[in-house]
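Me: I would like to go through this model by question and answer. Please end each reply on the name or value asked for.

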Amino acid sequence: MPVFTRFRQPPTPADEPHEEDTPDEAPEGREPDEPHEPDVVEPEDPGEAVEAAPAAEPAARTADASDAPRPARRGTWRTWRTWRTWRTWRARHPRAALVLRRTTTVLAAVLVLGALLLPNTLVALEPNRFARIPAEAVIAAVLLLCLPRVARRVAAALFGLGLGVLTVLNLLDMGFTEYLGRGFNVVLDWGLLDDAQAYVADSMGGAAAAWAAVGAVVLVVLVLVVMALAAVRLGELLAAHRERAARGALTAATVWMTCVALGVQTFGVPVATRSASGALEAQAHRVADTLRDEAAFAKEAKADRFGATPGAQLVPDLRGKDMVFTFIESYGRSAIEDPVTAPGVGRTLDAGTKALAAKGFRAKSGWLTSATYGGSSWLGHSTFLSGLWVDNQQRYRTVTAGDHLTLTKAFRETGEWDTVGVMPGVQKAWPEAEWHGLDKVYDAFDLGYRGPKFSWSTMPDQYALEAFQRLEHGRKRDRPLMAEVILTSSHQPWAPLPRMVGWDEVGDGSVYDGIEASGVEASDIIADSTRSKEEYGKSVAYSVTSLTQWLERYGTDDTVLVFLGDHQPLARVSGDGASRDVPVSVVAKDPKVLDAIDDWNWTEGLKPAEDAPVWRMSSFRDRFLTAYGSTPHPTGE
């Protein structure tokens, strides 16, 4: 008697499988991507089976409309063919398919757990941080086990996307902490990413900046997509092994709570953790604090101790003096105290003190705590000049949009000084000039430089100072001069560096062509902490030498120089946990200028003592105005 069997024929477009026909979950022990299908018994005589199939067809067919061919859904046939190809390969290579499935699952678990345990600082990025139980993983597993298939997949994908976003934020925190000494602010700091790209372009070229930007975008997209797929993969695996997964989640929750109660630690860190939710909570608090701070600072900026002081009562004790306020990029406390940089910078400051003394100049020096660290120099500049603590971009926009009196503007308000700015780092429109109180600004294109750039710095400091002398300080004028000068040669990455040339040889800057070409490449030192420190020390010594030699050469009996650093260099140079202190010096020939600040107890000379007074940078404006005879007339109180 012949054996008749029913063959499953490949579906046609009209009879293709629908999603609702697929089982909700795989049977126990089967991977979620292995849909169950009935076993097919092979016929003893294939020919008989083929002949029998048509005979049974009329009985199977009815005139019922429900048996009419269903319209094919777009793209399903191609999807089915791809799935069928995969099943065919898996049937032919079962061992390789099993290895691939298990490898994919392991990688998905590593990605998800790694994202949950990833710290937000490079210092904390150690193996022991990943030997812990994250509470978020236990909660997510329980939630996914309770949901039906569609909701489970949606929830898993959203959970994965959230982990991807958290991973990106943690990576941004790492970068910002390394370079700026603080975490990434999702409200304020997106604009700084453009500045970072511009910095890379200036330091390493436009092509490197373009590839870096493309790479960053691709990395973010990959993190988001891969993390979502990994979470979905694990969610389906939990559903495929529901009972075992439920027991595992219960066990993990019990262990987690026990470890919390007993304070169990491994390798010096708690076993139980909720670092991922803690990181999100910290970001949320950061956003809330930023929004509250915006309104509070706007009110604070309206209160000004000298805001209503008439011009005649501002700095009367400095009448007739040529005032020069100079910022030296990244000139921080570490330049004077770090064992690698201190010897060279210390010798430069000592030599400068002696050389200036031979010309009749004296100096006093102290410390100021900057509002920024590692970068964002404009925050340090505005804090020093305004007397307000400007430590983020929102505060900077608020204060520069208002009429708060700046130290430099105070000189213009008197009507007794011409005010100019020398800004070799400014390469685009700079509307803040009015807030600074500057009648004339010389940017990177106004100083007549025809030489090469030195990494980020558009020109050597010696050239910028010589141009300042030629264009403004050396000119005959009816009124004294107040100048704000920004020196940029000590800007990271500190390679290649200029060197001193004869002041009569500076010319249009062409003399620096050979110096730049023979210098160290930025790529040679950027990842080497020791070499970065060495080159950083050389850059500070160059900037200080340029400034002190300019004063020796061109200073007069009426020249008063105030110079300081705007912030410490990044952590790779200043060290983890370094202070935000920067040196500040006042230099003059007229003894009355320094006698006026005797009660500041600053150190004699250009190098402040380790125990010299440390003030917040925002306090300098009011102390300076008071020391030189200004009368307070408050506003906004």
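Reply: Buried means under 20% relative accessible area, exposed means over 50%, and partly exposed lies in between. The model is a predicted one.

Me: Is arginine 477 buried, exposed or partly exposed?
Reply: The relative accessible area of arginine 477 is 25%. Buried residues are under 20% and exposed ones over 50%, so arginine 477 counts as partly exposed.

Me: With which residue does arginine 477 meet in a salt bridge, and at what N to O distance?
Reply: Arginine 477 lies in the loop between helix 16 and strand 9, and its partner is in strand 7, so the pair ties together parts that are 59 residues apart in sequence. The side chain it meets is that of aspartate 418, with an N to O distance of 2.9 Å.

Me: Which residues are linked with Asp418 and Arg477 in a network of salt bridges?
Reply: Side chains of opposite charge can pair when their charged atoms come close. The structure holds 25 salt bridges. In the network that includes Asp418 and Arg477, the other members are Glu472, Arg475 and Arg479.

Me: Why is helix 16 described as largely enclosed by the rest of the structure?
Reply: Among the buried residues of helix 16 are Tyr463, Leu465, Phe468 and Glu472. The buried residues pack against strands 5, 7, 8, 9 and 10 and against helix 19. Helix 16 is largely enclosed because the number of its 13 residues that are buried is 11.

Me: What does helix 16 span between its end C-alpha atoms?
Reply: Helix 16 covers residues 461-473. A straight helix of 13 residues would span 18 Å at 1.5 Å a residue. Between its end C-alpha atoms, helix 16 spans only 16 Å.

Me: Which residues touch the most other members of the largest nonpolar core?
Reply: In soluble globular proteins, nonpolar side chains tend to be buried together. The largest nonpolar core here has 51 residues, and its largest share, eight residues, comes from helix 19. Apart from it lies another core of 41 residues, including Trp417 and Leu564. In the largest core, the residues that touch the most other members are Tyr331, Tyr512 and Val587.

Me: How many residues apart are aspartate 350 and lysine 607?
Reply: Aspartate 350 and lysine 607 form a salt bridge, with the closest N and O atoms 3.8 Å apart. Aspartate 350 is partly exposed at 36% relative accessible area, and lysine 607 is also partly exposed, at 32%. Aspartate 350 is in helix 11 and lysine 607 in the loop between strand 12 and strand 13, so the pair links distant parts of the chain, 257 residues apart.

How values were computed. Residues numbered from 1 in each chain as written. Predicted model: local features only at pLDDT ≥ 70, side-chain atom pairs only at ≥ 80, totals over all residues. Heavy atoms only, no water. Core = buried A, V, L, I, M, F, W, Y, C linked by side-chain atoms within 4.5 Å. Buried < 20%, exposed > 50% of the residue type's maximum accessible area, 1.4 Å probe, protein only. Helix = DSSP H or I, 4+ residues; strand = E, 2+ residues; numbered from the N terminus. Expected span 1.5 Å × (residues − 1). Contact = heavy atoms within 4.5 Å. Salt bridge = Lys/Arg side-chain N within 4 Å of Asp/Glu carboxyl O.
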